Amino acid sequence: MHFQVNPSKVSDASVTVPGDKSVSHRALMLGSIATGRTEIKGFLTGEDCLATMAAMQSLGVEIKQPSATEISIQGVGLHGLQAPTADLDLGNSGTAMRLIAGLLAGQKFSSVLTGDESLSGRPMSRIITPLKLMGANIESDCDGTPPLQISGGLQLHGIHYDLPMASAQVKSAVLLAGLYSSGVTSVTEPAMTRDHTERMLGSMGVTVSKSDGKISLQGGQQLQGCPVNVPADLSSASFVMLAALLAEKADVLITNVGVNPTRTGVIEILQGMGGDITLVNMQLLGGEPVADIRVRSSQLSGGDVDPALVSLAIDEFPVLFVAAAAATGKTVFSGIAELRVKESDRIAAMSEGLRNLGIQVDESPDGAIVHGGQFGGGAVQSHGDHRIAMSLAIAGTIASESVLVKDVAAVNTSFPDFCQCMASVGADISPIEAI
Ligand code: S3P
């Protein structure tokens with residue numbers, strides 16, 4: 001599948017975007033190992049979360065989906081997961097593979113985790129190393145990539161782990177394994193990352209302490225199932241924000257979006273570039289801050305993006321590259337090497353895509369300088385990466401001619417109704433089967 005994007009007139013609208021991917025994954029996993037029922041509302045029915053749901057079902061958990069956005073889990077308790085009868089296929093999802101590896105490292109049974117072509121090339125040593133230090137045994141391909149073979153029947157013990165990279169997935173894998181470990185498990189991180197795991201564990205009755213940047217939990221704590229209200233995904237909302245900012249004259253409200261401060265780097269960076277973005281109706285919903293985001297068209301200007309904000313905007317750099325390309329002057333991104341090990345090498349993929357649309361980009365190993373300009377038409381490749389596909393599609397809405405974004409099926413992993421949602425703000429993006 002490809003996107004055909006025509007120059008569009010994005011105008012005033014009020015929209016909602018689907019549920020948060022990170023929170024949906026965690027609700028499935030934690031609800032499964034809790035006691036009692038967990039009812040999820042606002043669930044993201046994207047392929048990534050459906051892969052997690054199928055995996056938890058294969059581990060013996062009864063999970064029902066009464067409607068597209070509602071999930072009901074009958075938790076099996078901390079020690080109630082059953083041996084799967086087949087390999088667990090986590091599709092495209094790094095979050096699913098890394099967090100489930102943490103959950104399964106301390107089980108009585110063995111398991112095998114597999115993924116699609118993109119996931120099969122992603123680094124897993126980052127979780128294997130700490131999990132082995134805790135007493136687990138996990139085999140990967142020789143270059144540290146999936147499939148993962150996880151041995152059962154090993155007693156794990158708590159460790160302190162000083163994360164070498166800012167990664168919520170690694171932090172979460174260690175903390176989840178910590179639930180099955182003797183003693184205390186703790187982590188420190190080089191920069192703050194999304195804390196949905198810690199918050200949801202807290203909502204389910206687990207004591208997770210945080211002091212001086214050290215996050216700790218005592219093993220063996222039982223989780224108690226609870227209702228989970230998943231806010232709309234700020235990462236999905238950022239495509240709408242971008243379209244509104246770049247439009248000639250638009251005033252768009254995106255409702256009920258998760259604005260956890262460990263995720264709002266994109267808002268801060270865009271505001272720093274001159275973006276007119278305000279948060280209204282702030283409230284705390286089930287332990288997560290939620291707000292409506294109002295975005296008005298703005299003339300953006302380039303500058304140096306603060307590397308301290310990178311881990312708080314980690315999934316939004318494709319969006320930020322497009323914003324930089326539409327801004328006046330040049331924008332300097334640094335300290336973003338982690339982007340090279342996402343669903344695609346996002347520095348390379350965005351640099352190539354923007355260049356194909358006539359933008360000058362100077363790439364470096366851990367950053368890029370994007371020179372503001374005018375998007376021309378043409379064909380660009382998403383490299384099978386959902387966020388590259390959607391970001392380049394938004395660039396197409398203000399291009400001088402039509403843009404074809406190739407190979408966009410992966411958009412269904414995180415934002416299944418992307419085209420309809422974007423149509424509701426006036427963006428002309430259509431899925432097409434053949435070129
Ligand atoms: C996620 C953490 C981030 C992010 C990913 C979702 C999570 O990955 O890029 O999309 O839900 O924990 P890293 O931990 O690898 O940075």
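A search of the whole structure turns up one cavity of 30 Å³ or more. Here, on a 1 Å grid over the protein atoms alone, a cavity is a set of points where a 1.4 Å probe fits but cannot get out, a pocket is an open set with protein on both sides within 12 Å along at least five of seven lines, and lining residues have an atom within 4 Å of a point. Grid points are joined across faces, edges and corners, and a volume is the space filled by probe spheres set on the points.

This is a predicted model, in which local features need pLDDT of at least 70 and side-chain atom pairs count only at pLDDT 80 or more, while totals for chains, interfaces and linings use all residues. Residues are numbered from 1 along each chain as its sequence is written, and side-chain values use heavy atoms, with hydrogens and water left out.

## The cavity

The largest cavity has a volume of about 40 Å³. Its lining consists of Asp 20, His 196, Pro 231, Leu 234, Gly 258, Val 259, Asn 260, Arg 263 and Glu 288. By class, that lining splits into three nonpolar, three polar and three charged residues; Ala, Val, Leu, Ile, Met, Phe, Trp, Tyr, Cys and Pro count as nonpolar, Asp, Glu, Lys and Arg as charged, and the others, Gly among them, as polar.

The largest pocket holds about 560 Å³ of space. It is lined by 37 residues, and Ala 166, Ser 167, Ile 314, Asp 315 and Lys 342 are the closest to its centre. Elements H1, H3 and H5 each give two or more residues to this lining; helices (H or I, at least four residues) and strands (E, at least two) are DSSP runs, numbered from the N terminus. The lining comprises 11 nonpolar, 11 polar and 15 charged residues.

For the second largest pocket, the volume is about 270 Å³. Of its 19 lining residues, Val 17, Pro 18, Gly 19, Gly 42 and Thr 69 lie nearest the centre. Its lining has 11 nonpolar, seven polar and one charged residue.

## The ligand and its shell

Now to the ligand: the space it takes is the largest pocket, where sitting in a pocket requires more than half of the molecule's atoms to lie within 2 Å of the grid points. Around the ligand are Ser 22, Arg 26, Thr 95, Arg 98, Ser 167, Ala 168, Gln 169, Arg 194, Ile 314, Asp 315 and Lys 342, each with a heavy atom within 4 Å of it. This shell has two nonpolar, four polar and five charged residues. Helices H1 (21-33), H3 (94-104) and H5 (168-179) each supply at least two of the shell residues.

Several polar contacts (N or O atom pairs within 3.5 Å) can be picked out. An oxygen atom of the ligand lies 2.6 Å from a polar side-chain atom of Arg 26, and one lies 2.8 Å from a side-chain N or O atom of Lys 342. Ala 168 takes part through its backbone, with an N or O atom 3.0 Å from a ligand oxygen. The protein covers 96% of the 390 Å² of accessible area that the ligand has on its own, by the Shrake-Rupley method with a 1.4 Å probe.

## Backbone details

Most residues other than glycine have a negative phi, and most peptide bonds are trans. The peptide bond from Pro 146 to Pro 147 is cis, with omega near 5 degrees. Pro 147 belongs to the loop between strands E8 (138-139) and E9 (148-150). Asn 256, in strand E18 (residues 251-258), has a positive phi near 60 degrees.

Conventions. A polar contact is a pair of N or O atoms within 3.5 Å; within protein, one must be able to donate a hydrogen and the other to accept it, and residues adjacent in sequence count only if both atoms are side-chain atoms.
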